[in-house]
Structure formats: C-alpha cells, structure tokens
Amino acid sequence: MKKYIYISFLIFVAVLSSCKSDDQTLVTGKIQYDVNIVSPDPSYDWWIQNIVGPDREKLVDIIVEGAKSGKWQAYDYFNEPISAAEVRGIFADTMMVTLVNEEPPYDYYDSTVIYNILNKDIMKIRFLEEWKLDKETLQFSKKIYGIGPVAKRYDFNGIERWQPLFWIYTDKDFIDKLEN
C-alpha cells in the first residue's frame, strides 16, 4: 500500500511540475530593428555585433540564394511579392546620374552607374518580430515574422543609405494579416 501511495505521490508531483505557467505577456506584436552581422568597430570583442565570417557567409547565402532561386518568396518594401528574377536584379543596381565635367566648359553629362551588391556587402539583417515576456522569469520569447538582408545602397543623389534589399516572411498568416 505504501508503494502505491508513493507512486501516486510521484505522479502527482510530476503532473504539477509539468503544468508550467504559460503566463506570457505580449510586449509587442510588431517590432522592427537591424542587427549588425559585421562589427562596425574592429576594436570590439569579436562577438559584439558580429557573426564569425564562415557562419555569417552561410547565413547570408541561405537567405539570398534562397530568394534568388525562388525557394523563398521575396517581397518588396510595400509587401508586394517579387519574382526570383527581380531579386537577382536588385544585386545589380543601375541608375542614371548627371555629372559635371571637371574641366572647362564644365558641361553636364549623363552617365549610367552600376553598383553590384555582393553577398559580402550585406552587413546587417533587419528583423520583424513579435516579443513576449514571461513575467515570472523575465524570459523573452520572440517570433520572427520577417527577415530582410540590409546593404548600403546609393540613391539618385549619390547618398549612401542602409536599406533592406527585400523581405522574406517566415509566417504566411502574418503576411495575410498585413493585406487585411
């Protein structure tokens, strides 16, 4: 009889301990931010705002090559689907610029400038996430909704800007919510 009481007690304790409180509070349903994957300052410790070269290259290749091949559906800034060919076109950014001759008579002339963006030029990843917090343990849980590789691009005035090249959404329901 003692044996059955002991076993019943163990089962009761096991059931109680498995009934963990899922008391998570939604901190934000949508937050977007950039994460450096290449350290902006060589004096930082190697792991601060940095992913080691081969690991970083593998991550960028998975994202970019998947979008270029059509494995991942890519979206533009306005959340419109873009084709794999359009993604490939993003990596050869062509623009017309007006320049001035450096010698008299200082005439204006138009020129085509092509900026090739290589995978190694992707130095940040922009994330779109949902954050929840367990109030008892201060443990955060995050759900990633979107990933955008970020590279320097130049606008028509020649000004450098950090810009996501495209978005990949990891949750189909999230993109459907955006459309409504």
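1. The largest pocket holds about 180 Å³ of space in this predicted model. A pocket here is an open set of points on a 1 Å grid over the protein atoms alone where a 1.4 Å probe fits, with protein on both sides within 12 Å along at least five of seven lines. Its volume is the space filled by probe spheres set on the points.

2. Among the residues lining the largest pocket are Ile62, Trp72, Tyr169, Asp171 and Lys172; lining residues have an atom within 4 Å of a point. By class, the lining has eight nonpolar, two polar and two charged residues.

3. There are six aromatic pairs in the structure, a pair being rings of Phe, Tyr or Trp (its six-membered ring) with centres within 6.5 Å; planes under 30 degrees apart count as stacked, over 60 as edge-to-face and the rest as tilted. Tyr33 and Phe127 form a tilted pair, at 6.2 Å centre to centre and 35° between the planes. Because Tyr33 belongs to strand 1 (residues 24-36) and Phe127 to strand 6 (residues 122-134), this pair ties together parts 94 residues apart in sequence. Strands are DSSP runs of E, at least two residues, numbered from the N terminus.

4. Ring pairs also join Tyr33, Phe127, Trp131 and Phe140 into a cluster.

5. The charged end of Lys68 sits over the ring of Phe91, 4.3 Å from its centre (NZ of Lys within 6 Å of the ring centre and within 35 degrees of the ring normal).

6. Residues are numbered from 1 along each chain as its sequence is written. Local features need pLDDT of at least 70, side-chain atom pairs count only at pLDDT 80 or more, and totals for chains, interfaces and linings use all residues, while side-chain values use heavy atoms, with hydrogens and water left out.

Technical notes: Nonpolar A, V, L, I, M, F, W, Y, C, P; charged D, E, K, R; others polar. Helix = DSSP H or I, 4+ residues; strand = E, 2+ residues; numbered from the N terminus.
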